[in-house]
Amino acid sequence: MTDAIALANTKLTITENFSEVEKLAVIDLDQDNYVHQPKAVDISDVLAFLGCRTPKLWLTAALADLPTIIQDHANCEKKAAGTAMNLIFRYMSHTELQLKLAQLIREEMLHYEQVMGLMAERGQVWQHIPAGRYAAGMLKHKRTFEPAAMVDVLIIGAFIEARSCERFAALADVVDDERLAKYYRYLLKSESRHFEDYLALARSISEEDITDRVNFFRDVENDLITTPDNELRFHSGVPNWLTT
Ligand SMILES: [Fe+2]
Ligand SMILES: [Fe+2]
């Protein structure tokens, strides 16, 4: 049984102060309302693939505005599932893609439920936050013919998953909330596997070696992460209000 399924089978916490909808959203991570210490996950492949670490100033801004990070994290989980579902409908003939992305969608939706649960626990109200520049900044370079378009979307997916993994690890080390830190560590295992799955699919579907394309998107991604950004999002760049 995977960690994800084990968590899905845990009980729902009923908290008197929450609304009926919030009660349903609260997933207890174990019977004592306690997140067990996740097993250590080796993310060295993720770090090597990314090529750059999250800037310290992003972490400073994130810690100063955790509600925005948590809200955007919820949005990211939902978008990750939605993007994968679009791929499943668009590329019906790829069995490996169907199977890997079906599992990914289940896990992303479980994460979505869990983040909504954490928001309810923290008394955080749902807020509309528009998407940042990150995914669009990579997708605008997607080629327009097949199978190159599919390969590019899969490579971009690998970068988004890898960066998520790297940011969860970085946040877990500094966040002043042990429950949140443990939840972020718990996510490392699935997000690093999602990165590997997207990269393996890109390799298997491409008609040519993808090294040059990966290197191209690494430069684009690193630029989005290390240059000034006027918004704080889970995947945003260096907060420009802290650089002046
Ligand atoms: Fe996720
Ligand atoms: Fe993921």
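Two residues are in contact if their C-beta atoms, placed from the backbone, lie within 7 Å. Keep that in mind for the stops below.

This is a predicted model, in which local features need pLDDT of at least 70 and side-chain atom pairs count only at pLDDT 80 or more, while totals for chains, interfaces and linings use all residues. Residues are numbered from 1 along each chain as its sequence is written, and chains are lettered from A and ligands numbered from 1 in the order in which they are written.

**Whole chain.** Colour by secondary structure. There are ten helices and two strands; helices (H or I, at least four residues) and strands (E, at least two) are DSSP runs, numbered from the N terminus. Along the sequence the order is α-α-α-α-α-α-α-α-α-α-β-β. Of the contacts with a separation of 6 or more, 72% join residues 24 or more positions apart.

**Burial.** A residue is buried if 20 or more other C-beta atoms lie within 10 Å of its own, exposed if 12 or fewer, and partly exposed in between. By that rule, 39% of the 244 residues in the chain are buried.

**Select 148-174.** Because 21 of its 27 residues are buried, α8 is largely enclosed by the rest of the structure.

**Select the core.** A nonpolar core is a set of buried Ala, Val, Leu, Ile, Met, Phe, Trp, Tyr and Cys residues joined through C-beta atoms within 7 Å. The largest one here has 55 residues, and those with the most contacts inside it include L154, A162 and F195. The largest share, 14 residues, comes from α8. Now pick A162: beyond four places in sequence, A162 touches V46, F49, L50 and F195.

P147 sits in the loop between α7 and α8. The peptide bond from E146 to P147 is cis, with omega near 0°. Most peptide bonds are trans.

**Select L242.** L242 lies in the segment after β2 (238-239). Is L242 buried or partly exposed? L242 is partly exposed, because 15 other C-beta atoms lie within 10 Å. Leaving aside neighbours within four places in sequence, L242 is in contact with L57, T60 and A61. Finish with a distance: N230 and L242 are twelve residues apart in sequence and 9.9 Å apart in space, C-alpha to C-alpha.
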